[in-house]
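Subject: The structure for you to look at

Hi,

Here is the structure I promised to pass on. Have a look around in the viewer first, then read my notes below.

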Amino acid sequence: MSLSESDLKLLVALKKHINAITPDLPDRAVITVGQYTLDSLLDSPSLQEEGITDLIRVHHKKDLEHKTVEIDPEYSIEVDTLYEPHYWFDLQENLDSDSFEEHVNKRIYDYHDEILTLVNVSEGSSSGLFPILHKILAEKGKNALGVAVFPSMGHSSDALFNAFASVGMMNLNNSAPVLLLDQGKLEDFSGVHREGEPLRDMEVIDYMVELLLDKRGFVRDIYKISKNFNIKTFSALMATGCSLGIYENFRNILEITLEQPLMDFDISTATMIYVLVKAPIYYRDELTKGDIEFEVSQWLMDSLGVDIPQICEPIFVDEFGDRIDIMILVGGFDTKKIYGDIYRRIERFSNMNLEQGLYDKELWEKIKKELLG
């Protein structure tokens, strides 16, 4: 049986239409955990474009008592416990783990390839849920990244205790890398949007998440890197809405990232860095991947005196102007001093809780060994 010319044209046309069809199922999800992150609007195009990203809220019933946020029940998981959790162990002791896992499984599907979680680990409920949630995601084989807002040293011992335990359990489970952001530095960050408006407060978190998600496959990449290089902890340097006309060149914008680090860490001890650069499409010939890698490499050696393996990725957007965003994720730096300072703050407090038998001593010893060495 032979095909006529018209039949062949029809088949070619059909094949083109089939190839143009893309699945209308989101391949990634953002999960906010706890009360603090309910203030994150996460209303950027990266999250709102239909069929790309699901936004799921995980919260304790008490978290909504003083909030007026609208939550879609189809995309939320509400946790209720006999006692309001003030500490991580309160939540874990009173949580119906099987029920929680069942609810997570109902909202995280096979087509969710990448999961980014956003959590303030100073809260009792969120610090307890954070490692449990990621353990479930790891068992489902998901590429995941936990973005953890960590209390500053000026916060209470309770908050530091919760955060210390939560991140310690994350490291013990090795379920996902954690991007640590100091809450005080995050809330004090002063920048500008790409449109030139001031960028402050919770908008900084929204802006950061948008920048991370603008790079398709970012969560998958950072998850694979963390596994391959055994990197459990990242933190960030960031510069937002910087005009090339004002700063004159890309190197000067790199210098700006050092002025407001989002956590105190020693970059000279880092294992690697991952650099995202968001720029108008007009600069695609000027800011190629190779050009960015060269500039970053020279900047590291000239300004910081370090030579660190790096991955650099440009993100080009169809817009006017000359504003550039830079996000530098620093991975594998020495965390012993950070956690050592925190432990000295909470040691007496944690010992008192241990003496009362409020949580498992063996688990606490494992957490201490993991974070303090």
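This is a predicted model: local features need pLDDT of at least 70, side-chain atom pairs count only at pLDDT 80 or more; totals for chains, interfaces and linings use all residues.

Is Ser235 buried or exposed? Ser235 counts as buried, because its relative accessibility is 0%. Its side chain has a polar atom 2.8 Å from the backbone oxygen of Leu180. If you skip its neighbours within four places in sequence, Ser235 is in contact with Leu179, Leu180, Leu262, Met263, Phe265, Ile328, Leu329, Val330 and Phe333.

**The cores**

The largest nonpolar core has 79 residues, and the ones that touch the most other members are Phe100, Phe150 and Trp364. Helix H6 (residues 157-173) gives the most to this core, namely 8 residues. Another core, of 37 residues, lies apart from it, and Leu42, Phe189, Phe218 and Tyr274 are among its members.

**Helix H13**

Where does helix H13 bend? This helix runs over residues 336-355 and bends by about 55° at Ile346. Ile346 is also one of the buried residues of H13, together with Ile338, Tyr339, Gly340, Ile342, Tyr343, Phe349, Ser350, Asn353 and Leu354. The cover over these buried residues includes strand S5 (143-150), H6, strand S6 (178-182) and helix H14 (361-372). After H13 comes Gly357, which has a positive phi, near 65°.

**Salt bridges**

How many salt bridges does the structure hold? There are 19 of them. As background, side chains of opposite charge can pair when their charged atoms come close.

- Glu319 and Arg194: their side chains meet in a salt bridge at 2.6 Å, N to O. Glu319 sits in the loop between strand S11 (310-317) and strand S12 (323-331), and Arg194 in the loop between strand S7 (191-192) and strand S8 (198-199), so the pair ties together parts that are 125 residues apart in sequence. Glu319 is partly exposed, with a relative accessible area of 30%, whereas Arg194, at 11% relative accessibility, counts as buried.
- Lys337 and Asp341: this salt bridge is 2.9 Å, N to O. Both residues belong to helix H13 and are 4 residues apart, so about one helical turn separates them. Lys337 counts as exposed at 61% relative accessibility, while Asp341 is partly exposed, with a relative accessible area of 26%.
- Lys368 and Glu365: here the side chains meet at 3.4 Å, N to O. They are 3 residues apart in helix H14, so they too are separated by about one helical turn. Lys368 is buried, with a relative accessible area of 18%, and Glu365 is partly exposed, at 36% relative accessibility.

**Strand S1**

Last stop: strand S1, residues 28-33. How many of its residues are buried? The count is 6 of 6, which makes the strand mostly covered. In a regular strand the side chains alternate between the two faces of the sheet. In S1, Arg28, Val30 and Thr32 point one way, Ala29, Ile31 and Val33 point the other way, and all are buried.

Which strands does S1 pair with? One is strand S2 (residues 53-60), in the parallel sense over 6 bridges. Ala29 stands opposite Asp54 in S2. Another is strand S4 (residues 114-120), with 6 bridges in the parallel sense. There, Val33 has Val119 as its bridge partner.

Cheers

Technical notes:
Residues are numbered from 1 along each chain as its sequence is written. Side-chain values use heavy atoms; hydrogens and water are left out. A nonpolar core is a set of buried Ala, Val, Leu, Ile, Met, Phe, Trp, Tyr and Cys residues joined through side-chain atoms within 4.5 Å. Buried means under 20% relative accessible area, exposed over 50%, partly exposed in between (1.4 Å probe, protein chains only). Helices (H or I, at least four residues) and strands (E, at least two) are DSSP runs, numbered from the N terminus. The bend at a residue is the angle between axes fitted to the seven residues ending there and the seven starting there. Contact means heavy atoms within 4.5 Å. A salt bridge is a side-chain nitrogen of Lys or Arg within 4 Å of a carboxyl oxygen of Asp or Glu. Two strands pair if DSSP finds at least two bridges between them. A polar contact is a pair of N or O atoms within 3.5 Å; within protein, one must be able to donate a hydrogen and the other to accept it, and residues adjacent in sequence count only if both atoms are side-chain atoms.
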